[in-house]
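Please view the sequence and the model together while reading.

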Amino acid sequence: MDLHDPHAELRAAQDKVHRLRADFPILNRPLTYGGKARTLVYLDNANTTQKPQIVLDTLMGYYQNSNANVARAIHSLGEESTRIFEGARDRVKTFLNAAHREEIIFTKGTTEAINLVALTFCDGLSAGDEILLTEMEHHANLVPWQMAAARYGLTLKFIPFDDNGVLQIEKLPELWTDRIRLVAVTAMSNVLGTINPLAEIIAFAHARNVPVLVDGAQAVPHQKIDVQELDCDFLAFSSHKMCGPTGFGVLYGKKDLLEKLPPYQGGGNMIRSVWLETFDTNVIPYKFEAGTPHMEGAAGLAAAIDYLETVGLDWIHRYEQLLLAYTMEKLVLVPGVTVYGNAPGKGGIISFLVNGIHAHDLSEYLDRKGVAVRAGHHCAHPLARRLGVVSTARASFYFYNTIEDADAFVEAVREAVDKL
Ligand code: C6P
């Protein structure tokens, strides 16, 4: 390693990254744009990540060998499928270091997990009670609370962020009232890349006996999260953003809180006994899992977690920070580039605009070079308004992105500036 090279650690990691890339068939697929062969530079990982072969094999293997409905059939195949499904719950429990397996509820994803809490938790609140959010939330951690606020007469309050995209938690004392019943905050912004100071927010809220929900959609795939150490009360995340299958996700909730909440949806599995007029609710986690679940989703997420833990969550976090620093160093040299979100220690997300070029035109130009980025409001309208923009282009990294990917991205942006 050349100690004078500021990117020596990043360069030294490239062998490992290239080995890992071989696990992802889609990263090696041929692409043609305008008759020219291109290599896929996939920088839309905050949107969804690619899947390694082991996850694809697990999904196929589930259907080839083990498919049967869970928790209903008494036959051997049903028992095997139930073992796989409940085994996935144990896997998620150890991944998060949850205290109890019943604290792991399977959902369709982050969005459903937050809707579940918004509907059930707010059911016990009174008109005039308050929910504290932030101004950088994804719609998934905003609209469910707006809907609950309309239904139960609640008030929503917001922690602002500064021009660098840093959450202004120093405003917590002035925002706080004794009507706040829950704090819901993103662990990492999907637009700014800001990693929020959860420990401080949670300590502040807990000192006032108020629970905290963490939107972990952009954090859980990229860094180790230990729910007991963090002491969050709820944590939501999506399988598809962490190498797992889509349409599947997790709500972690502390046992005593989950036990107090009413059921979410009605149907099979969430009941113990049903009469014509009424029903008895099942125990957690089944109370919140009505209907036939996404069984292969659970198997696939468990395989994805095995894979990510083998790669190493701490390594992933460190690697993405190195790649981000390398890319930023080059990107800011491109004339006319404005980057939105410069919080210290931010995650591997770069939202940006170049001169007067519309984000969609920019992303279309990059796409023709094989560089996939997202353009738009990134499901965070209020955040975009706060930034004073309609949309931005966004490059987002995962551990399989290389220095070549970063170079190709910056080069394509530079060309776009010249051509558009
Ligand atoms: N953000 C993005 O491109 P679902 O759709 O339920 O898996 O995740 C919703 C969600 C919730 N919170 C945050 C912080 C998110 O980033 C997302 C999804 C994607 O930024 C798709 S809009």
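In this predicted model, a polar side-chain atom of S238 lies 2.7 Å from an oxygen atom of the ligand, a polar contact being a pair of N or O atoms within 3.5 Å. Taken alone, the ligand exposes 510 Å², of which the protein buries 88% (Shrake-Rupley method, 1.4 Å probe). Local features need pLDDT of at least 70 and side-chain atom pairs count only at pLDDT 80 or more, whereas totals for chains, interfaces and linings use all residues. Residues are numbered from 1 along each chain as its sequence is written, and side-chain values use heavy atoms, leaving out hydrogens and water.

**Ligand surroundings**
- The ligand is surrounded by 17 residues, and the closest are T111, D215, Q218, S238 and R374, where a residue counts as near if one of its heavy atoms lies within 4 Å.
- An N or O atom in the side chain of R394 is 2.7 Å from an oxygen atom of the ligand, while for a polar side-chain atom of N190 the distance to a ligand oxygen atom is 2.8 Å.

**Setting of K16**
- K16 belongs to helix α2, which covers residues 14-21 (a DSSP run of H or I, at least four residues, numbered from the N terminus).
- With a relative accessible area of 24%, K16 is partly exposed, because buried means under 20%, exposed over 50%, and partly exposed in between (1.4 Å probe, protein chains only).
- Leaving aside neighbours within four places in sequence, K16 is in contact with V311 and W315 (heavy atoms within 4.5 Å).
- K16 and A46 are 30 residues apart in sequence, and their C-alpha atoms are 22 Å apart in space.

Definitions and conventions. Helix = DSSP H or I, 4+ residues; strand = E, 2+ residues; numbered from the N terminus. Polar contact = N/O pair within 3.5 Å; in protein donor to acceptor, adjacent residues only side chain to side chain.
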